[in-house]
Amino acid sequence: MAATLLFHPTLFFLLFSIVQSRPYTLPPPTIQLPLPHFFSVADYGAIGDGQHYDTAAIQAAIDACHSAGGGHVRFPPGTYLTATVYIKSGVYLVVEEGSKILGGTKLEDYPAECSRWYVVLAENAMDVGITGGGVIDGHGSKFVKSSGVAKNVMVSWNETGACSGDECRPRLVGFLGSRNVRVWNIHLNEPAYWCLHLVGCDNTSIHDVSIYGDFNTPNNDGIDIEASNNTVITRCNINTGDDSICPKTTYGPLYNLTVTNCWIRSRSSAIKLGSGSSYDFKGLVFDNITIVDSHRGLGMQIRDGGNVSDVTFSNMNIQTRYYEPVLWWGRAEPIYITTCPRYPNSKEGSISNIRFINITATSENGVFLSGSRDGHLSNLRFQNVNFTYRRWTNFPDGLVDYGPGCRGLVNHSPAGIIMEHIDGLELENVNMIWSDVFQNKRWNNPLDFLPSTVNNISFLNFRSESDSEVRGKDI
């Protein structure tokens, strides 16, 4: 028997009203984007044997790609020895698995201006990037003058008059004054100096990048972000002798930096703001980061008058240890927040609204929070933070490191948290666990401060106890 479907007039009117009240939108149009242009450096004469320079062929492929409106420049498997090559707008380098860009080691391989000494460089470019799964190598071992157990002595081209100081070596990859930068799925190895450098860039994405530098080589920073805004760094593995992630404001302010899901090892600071700090830092987030075997975990060295505000460190596991105290900055502090004038006549910057949330740290030294007379630390908050203090190296303790500038290394007994020139500090659910070695000997001071320089401290659920007491509770 056939069923008859009847519409009641009231029901029909109700359904019609509902349909009429909802805006009707067409499905989004399907936009057919043109396929990117592909250019192989081999088609322009690159040999890829690691012995002959392929600079001209690489640059010709980049220039052709740029002239065609942008696309991909491919590096088939091979080793491509090169002087500086310049990425232009719209060009992505695709360094394929099994391929390597190898930086030259001669002064004439680089531009006359030392500020442009990079193996790969983009200047005032848009929509540029590097990917492919291969390697860019700075040939860093060729710049080692003599190897040291604790620290290498490096070649410095200041002897030629090209630059001044003892850090005159080429960086690996640089993006200067560029916009819409993307670096992903690439291995950056053995920089002679800084590895990945952003200066004055906007809208940068760095993800799934592996960075490796000799653990004994100074100044081989992982990622340096200078005066650049709207930067996202995620899923990176960074293993360097010097600072691993280092925002700076030497040339301008730095806003909106987000770093997540990274693994870091550093003989200096895993994360450090400064020390170049002439302008402000604002709106920085560091989340879900693992730090191991580092001389310093989370650091701020504000020395040039810039201010820091609205920074969050959250969901971290930190392990810090002592290394040589004179050769490397750092004293095994899991957290090191300082501001002081670099020179007697320098302006003092302030640090405010800093959050440490859900952090677990095991370290050979305590936290150091030090403002200055006219550059206070204010509104610092520690929430759900667990510190375990124990010793496992044989390096001496009993020193506080104020460098660079300021007071240098100063004798000071270790403590769980050393505080100076602070106005506003909250500790909520903070636990300190001390090894029996410290508890029974000389390091058993949870808090060290002078009331004359520290004001407005709040404690909620703060505990300090030995590990034997903790074990006793578990029995």
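Modeller: What follows covers the cysteines and their pairing. This is a predicted model, where local features need pLDDT of at least 70, side-chain atom pairs count only at pLDDT 80 or more, and totals for chains, interfaces and linings use all residues. Residues are numbered from 1 along each chain as its sequence is written, and side-chain values use heavy atoms, with hydrogens and water left out.

Biologist: How many disulfides does a search of the whole structure find?

Modeller: The search finds 2, a disulfide being a pair of cysteine sulfur atoms within 2.5 Å.

Biologist: What does Cys340 form a disulfide with?

Modeller: Cys406, with the sulfur atoms 1.7 Å apart. The torsion about their S-S bond is about 85 degrees, so this disulfide is right-handed.

Biologist: Which parts does the pair tie together?

Modeller: Cys340 is in the loop between strands E26 (333-339) and E27 (351-363), and Cys406 is in the loop between strands E30 (399-401) and E31 (409-411), so the pair ties together parts 66 residues apart in sequence. Strands here are DSSP runs of at least two residues (E), numbered from the N terminus.

Biologist: Is Cys340 buried or exposed?

Modeller: Cys340 is buried at 10% relative accessibility, while Cys406 is partly exposed at 31%. Buried means under 20% relative accessible area, exposed over 50%, and partly exposed in between (1.4 Å probe, protein chains only).

Biologist: And the other pair, what is the distance between the sulfur atoms of Cys163 and Cys168?

Modeller: They are 1.9 Å apart, and both cysteines are buried.

Note on methods:
Helix = DSSP H or I, 4+ residues; strand = E, 2+ residues; numbered from the N terminus.
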